[in-house]
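The sequence and structure come next.

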Amino acid sequence: MTDDKPDASLKDSPTLKRKAEQLELENRIKKAMEGISHKIAVISGKGGVGKTTVSANIAMRLALAGSKTGCLDVDITGPNLHKLLGVNTNPAIDPETRLIVPVTGPGGIKIMSMAFLLDSDDTPVIWRGPMKMGVIREFLGNVQWGALDYLVIDLPPGTGDEVLDIMQLVKPLDGIVLVSTSQELSLTSVAKTATMAGKMDVRILGVIENMSTYTCEQCQHTVRLFGEEAGVEQLAGRFNIPFLGSIPLEPGRMQQLVPAATASGKETPASRAIDGIFATLKKQVERKT
Ligand SMILES: Nc1ncnc2c1ncn2[C@@H]1O[C@H](COP(=O)(O)OP(=O)(O)OP(=O)(O)O)[C@@H](O)[C@H]1O
Ligand SMILES: [Mg+2]
């Protein structure tokens, strides 16, 4: 046996090869994240409270304001951000870099979602945590994001693997935006997410109350949907985090509430509310502390 043989076989060891690949991917993630000026993750404790709606609307407003914007759907098992942005195409692979080219959406938004890799919107993703974490790493490191001003990350509900991964891998993360209704169950879970962010030293850019009120189109009477108490605003006070504003319930189909993109092409109370939230959020991001 010559001296160099054991060395050669060591390099071929599957464990070392895997480690080397992981290290390479981590370096690519670091490099990709360094090319993006601002990264914002949209989080809630509870499902169905409006994270994806907020993510799509913030991304649209950023793009319309002239920022180079990316939008990443980290909801691996229930991706639907692409629907709100009105795209569903297979992403290409850059032949030179071998990286995935994100799909271009309205306003030139670069979008990546698990949905683009599935046969149809009805195809289920039945994966356990480690596989989901693998794909999140791929989305961060093996997607050709290029130089962006903003990356908006839409997360699934809860404080699980995906949230943990984003908080750990997206560096530097400007912060998270919490979305909640004023229902007690939503408030309890968003409080847990706020506590998690504190423990992980992640900045909370602010909290948004969604589906706050409903105004009857016939009599114009406005009611608070989930109790008279402004629960989300109170929670903001309790955790000492900025309250970004309330979005009323928009009757009918609520998608991108950029006025030009609504069915009527006109401003609505919800689109105006999101405009205000967007302006406050942007200031928060630029404040840097
Ligand atoms: N202010 C609103 N007015 C009317 N409908 C709304 C409003 N906000 C969200 N919706 C609707 O509520 C549903 C849930 O919203 P969305 O998908 O944004 O929530 P989510 O928090 O991302 O859900 P999930 O936890 O499943 O990812 C969608 O059908 C959306 O169109
Ligand atoms: Mg969602």
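P172 sits in the loop between helix 6 and strand 8, where helices (H or I, at least four residues) and strands (E, at least two) are DSSP runs, numbered from the N terminus. This is a predicted model, in which local features need pLDDT of at least 70, side-chain atom pairs count only at pLDDT 80 or more, and totals for chains, interfaces and linings use all residues. Residues are numbered from 1 along each chain as its sequence is written, and chains are lettered from A and ligands numbered from 1 in the order in which they are written.

**Backbone**
- The peptide bond from K171 to P172 is cis, with omega near -5°.
- Most residues other than glycine have a negative phi, and most peptide bonds are trans.
- R98, in the loop between strand 3 (92–93) and strand 4 (100–101), has a positive phi near 65°.
- Q220, in the loop between strand 10 (213–215) and strand 11 (222–224), has a positive phi of about 65°.

- Eight strands form an open sheet of mixed pairing in the order 5-6-2-7-1-8-9-12; two strands pair if DSSP finds at least two bridges between them.
- Strand 5 (103–104) and strand 12 (243–247) are the edge strands, each pairing on one side only.
- Strand 1 (residues 36–43) pairs with strand 8 (residues 175–180) in the parallel sense over four bridges.
- The bridge partner of A41 in strand 8 is I176.

**Helix 5**
- Helix 5 (residues 129–141) has 13 residues, which should span 18 Å at 1.5 Å a residue, the expected span being 1.5 Å times one less than the number of residues.
- The end C-alpha atoms of helix 5 are 18 Å apart, which agrees.
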